[in-house]
Amino acid sequence: MGNSKRLRKKYQGPAHPWQRLRIESERELKQSYGLKNKKEIWKMEAIIKEAAANIKNLIAAHSDQAEKEKKQIMTHLTSIGLIQAGAKYEDVLDLKIQNVLDRRLQTLVYRKGMARTMGQARQFIVHNHILVGGRSITMPSYIVAAEEEAAITFAPSSELAKADHPERTPITRKVKSRPERVPESRKGRRK
């Protein structure tokens with residue numbers, strides 16, 4: 001049974017720690033999605049692995065209970081937006097880590113244009129500036145349901161709710177003109 005206060009981890013790290021391709025792909029995911037550490041990648045992979053393992057076991061089973069469980073899994077994955085309604089069981093096996101990372105609250109806040117960068121989106125969430133369906137969520141890794149996606153807003157008590165807040169204005173980058181290059185022969189001379 002175990003102690004209810006000591007929760008077990010819901011992910012598993014890599015079997016072999018030094019695989020160049022895996023390390024490089026994890027580094028790219030970490031940078032592009034603004035993740036805190038690789039543990040967040042492993043947690044999202046655990047969601048995919050669990051769903052795929054359940055579907056594999058249920059495809060092999062041919063009972064009424066297995067059919068009910070298949071429908072429950074497909075309904076759950078549809079509700080969180082990982083698969084489309086009417087998808088086949090094989091579509092669950094084709095899910096990639098990017099599909100789950102795209103459903104995170106941090107990613108959706110950035111993609112909706114509520115933050116300039118992924119890091120800023122993470123900060124807004126952790127500092128209680130973001131509401132999802134009227135609830136304050138402080139976990140950047142929260143998987144947003146498909147129906148909740150339209151209900152992502154700034155908290156009304158937050159200063160960021162004002163449209164003219166300086167952090168909400170998009171960054172406009174000024175293009176710097178390059179200085180003229182001084183020929184090698186003129187560098188050491190005085191005028």
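Modeller: Helices and strands are here DSSP runs, a helix having at least four residues and a strand at least two, numbered from the N terminus. The structure under discussion is a predicted model.

Biologist: Which pattern does the chain follow when read along the sequence?

Modeller: The secondary structure comes to seven helices and three strands. Read along the sequence, these elements give the pattern α-α-α-α-α-α-α-β-β-β.

Biologist: What percentage of the contacts between residues at least 6 apart in sequence join residues at least 24 apart?

Modeller: The chain has 191 residues, of which buried residues make up 32%. Among contacts between residues at least 6 apart in sequence, the share that joins residues at least 24 apart is 52%.

Biologist: Are H2 and H3 roughly parallel or roughly antiparallel to each other?

Modeller: Helix H2 spans residues 38–60 and helix H3 residues 64–79, and their axes come within 9 Å and cross at roughly 150 degrees. Angles over 145 degrees count as roughly antiparallel. The two helices, H2 and H3, are therefore roughly antiparallel.

Biologist: How many nonpolar residues does the contact of H2 with H3 have?

Modeller: The crossing of H2 and H3 is left-handed. The contact is made by Ala51, Asn54, Ile55, Leu58 and Ile59 of H2 together with Ala66, Glu69, Lys70, Ile73, Met74 and Leu77 of H3. By class, one residue is polar, two are charged, and the number of nonpolar residues is eight.

Biologist: How is H1 oriented to H2, roughly parallel or roughly perpendicular?

Modeller: The axes of H1 and H2 lie 10 Å apart, and the helices pack at an angle of about 100 degrees. Angles of 65 to 115 degrees fall in one class, so H1 is, relative to H2, roughly perpendicular.

Biologist: Which element gives the largest share of the largest nonpolar core?

Modeller: This core has 25 residues, and Leu77, Val92, Ile97 and Leu101 touch the most other members. The elements that give two or more residues to the core are H1, H2, H3 and helix H5 (97–101). The largest share, eight residues, comes from H2.

Biologist: How many residues are in the second, separate core?

Modeller: Leu108, Val109, Ala121 and Tyr142 are included in this second core. The number of residues in that core is 16.

Biologist: Which strands are included in what covers the buried residues of H7?

Modeller: In helix H7 (residues 118–126), the buried residues are Met118, Gln120, Ala121, Arg122, Phe124 and Ile125. Their cover includes the helices H1 (20–33), H2 and H6 (105–111). It also includes the strands E1 (130–132) and E3 (152–154).

Biologist: Is Ser157 buried or exposed?

Modeller: Ser157 is placed in the segment after E3. Its C-alpha atom is separated by 8.2 Å from that of His129, 28 residues apart along the chain. Because its relative accessibility is 74%, Ser157 counts as exposed.

How values were computed: Residues numbered from 1 in each chain as written. Predicted model: local features only at pLDDT ≥ 70, side-chain atom pairs only at ≥ 80, totals over all residues. Heavy atoms only, no water. Axes fitted to C-alpha atoms, helices over the stretch in contact; angles between N-to-C directions. Parallel < 35°, antiparallel > 145°, perpendicular 65-115°, else oblique. Left-handed = near helix turned anticlockwise from the far one by under 90°. Contact = heavy atoms within 4.5 Å. Nonpolar A, V, L, I, M, F, W, Y, C, P; charged D, E, K, R; others polar. Buried < 20%, exposed > 50% of the residue type's maximum accessible area, 1.4 Å probe, protein only. Core = buried A, V, L, I, M, F, W, Y, C linked by side-chain atoms within 4.5 Å.
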